[in-house]
Amino acid sequence: MSANADIDAATRTEGRIAAIRGGVVDVLFDGSVPRIHDLLFAGDIALEVSALIGEGLVRAIAMAPVRGLGLGMAVKATGAPIMVPVGDAVLGRMLDVFGAPIDGRPAPEAVARRSIHQPSPKLSDRVLHSEVLETGIKAIDLLSPIERGGKTGLFGGAGVGKTVLITELINNTVQHHKGVSLFCGIGERSREAEELYREMGEAGVRDKTVMLFGQMNEAPGVRFLIGNAALTMAEYFRDDKGQDVLLLIDNIFRFVQAGAEVSGLMGRMPSRVGYQPTLASELAALEERITSTRRGAITSIQAVYVPADDFTDPAAAHIFSHLSASVVLSRKRASEGLYPAVDPLASASVMLTPSVVGQRHYDIARAVRRTLAEYEELRDIIAMLGLEELSSADRATVARARRLERFLTQPFFTTESFSGTQGKLVPIAETLDGCEAILGLTEFKLSENAYYMIGSLDDLKEAES
Ligand SMILES: Nc1ncnc2c1ncn2[C@@H]1O[C@H](COP(=O)(O)OP(=O)(O)OP(=O)(O)O)[C@@H](O)[C@H]1O
């Protein structure tokens, strides 16, 4: 090849649209061909290269509705992937997948930019913590303690309280968190984004928080990549500044769903239950970046929508396998008004061992679970024969279990406006004392309802007097 041809190829970075199918655009380059993940522009519509077909043809995903595009239109290759701003300048801001502001304020100036696609840390760089992040939420701290530097999932079907719980966790933990917090909204309602931005401002924590949104009205490409954009910013705080990062994601299921949409648009054959064949590797690529290294920790809390309340759903099952703690929200509890609707038998955490939480906590948590499990078994008998047919020991178990169930409900700060009850933060020591006292009850002077929506047992005493 002559030197001339080389120069020619390097400068000829313009292609033409060869096909448009939904949000997928094929572009033909007759000079140098862009690489995977390169950013292209057709007018002002951004496209990300996601497959190289051969003979100059690349397949790209549109990051916005493709209205106005036509065959033969010119496409510019930028020669680089999507780059987002990193650094302290993004703190206090609400940004999109390109790191552009969506809070109505000017773009952060003079900032370094990094590609949203980064490898995950090497296995040898990763560290394991065995420290618990206390949330002040009784049911979680007792039964499914959150690992500092680990990944926790909040699982639940539609409308069982995932968003309320994640907002409450922000309220309870962001203020006390020493490092920075990052909120990543994927595929949820835009209204929730606005509410959160306002709440963060009111709570006075916006200055150490970054909020990124790729909401449900946006293109699948945006929803698919917004998590990567958030992680690039989180990695900067972890690796360059050595800070601890609290990463909240609502909702990681929407990432998998966006991947399925992209896969369908790309013409790939779907796999189990209609999901993309690449589900496991796509999810692992994102989840493996959420790790703690010697330089800093990323603690992530991820809301996980469970389609049709089916926990065997491939997306839910795959997400589950990446987590160190899972808080499962149950529809049955929500329908009984037992909020937060944490299912005590299905929720679990690797932190719940005597060596991490201590023998007493471990024993109390087991006793609570056992009592509730026994009550579950007795429910059928009660339904068929009535409570009177039970032995007095079983009746006492039922009485204790129903009081425990109610004691594990809690008024939230974030629901004050519609529940009318003041929110309560309960230290784990008081949760343990309360559960221990209820487990030891032999006489039941107070009604079950006395235990409903209180903080610690001290509130009970107030109600008594
Ligand atoms: N802790 C709580 N206390 C009182 N009410 C609650 C609580 N959690 C949830 N709710 C009720 O349940 C409703 C749905 O909660 P939320 O929006 O968090 O559900 P979700 O699981 O995120 O739903 P979706 O899948 O639709 O996003 C709330 O609007 C509220 O009425």
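Let's start with Lys162, which is found in helix 3, residues 162-173. When I say helix or strand, I mean a DSSP run, H or I of at least four residues for helices and E of at least two for strands, numbered from the N terminus. Before going on, please remember that this is a predicted model: local features need pLDDT of at least 70, side-chain atom pairs count only at pLDDT 80 or more, and totals for chains, interfaces and linings use all residues. Residues are numbered from 1 along each chain as its sequence is written.

So, is Lys162 buried or exposed? Lys162 is buried, because 27 other C-beta atoms lie within 10 Å. The cut-offs are 20 or more such atoms within 10 Å for buried, 12 or fewer for exposed, and partly exposed in between, with C-beta atoms placed from the backbone.

What does Lys162 touch, leaving aside residues up to four places away in sequence? Its contacts are Leu154, Gly156, Ala303 and Leu329. Contact here means that the C-beta atoms, placed from the backbone, lie within 7 Å.

Gly156 lies in strand 12, residues 151-156, and Gly156 is buried, with 26 other C-beta atoms within 10 Å. With residues up to four places away in sequence left out, Gly156 touches Gly161, Lys162, Val306 and Leu329.

Now for the record. An unreviewed UniProt entry lists Gly156, Gly157, Ala158, Gly159, Val160, Gly161, Lys162 and Thr163 under "binding site". Those positions follow the numbering used here, feature names are shortened, and annotations may be inferred rather than shown by experiment.

The axes of helix 12 (residues 392-407) and helix 14 (residues 428-439) come within 9 Å and cross at roughly 165 degrees. Axes are lines fitted to C-alpha atoms, for helices over the stretch in contact, and angles run from 0 to 180 degrees between N-to-C directions. Helix 12 and helix 14 are therefore roughly antiparallel to each other, a label for angles over 145 degrees, with under 35 being roughly parallel, 65 to 115 roughly perpendicular and the rest oblique. Who makes the contact? Arg400, Arg403, Leu404 and Phe407 come from helix 12, and Gly434, Cys435, Ile438 and Leu439 from helix 14.

Finally, the whole chain. The chain has 15 helices and 18 strands, and its C-alpha trace spans about 95 × 45 × 45 Å along the principal axes. Of the 465 residues in the chain, 45% are buried. Thanks, everyone!

Note on methods: Two residues are in contact if their C-beta atoms, placed from the backbone, lie within 7 Å.
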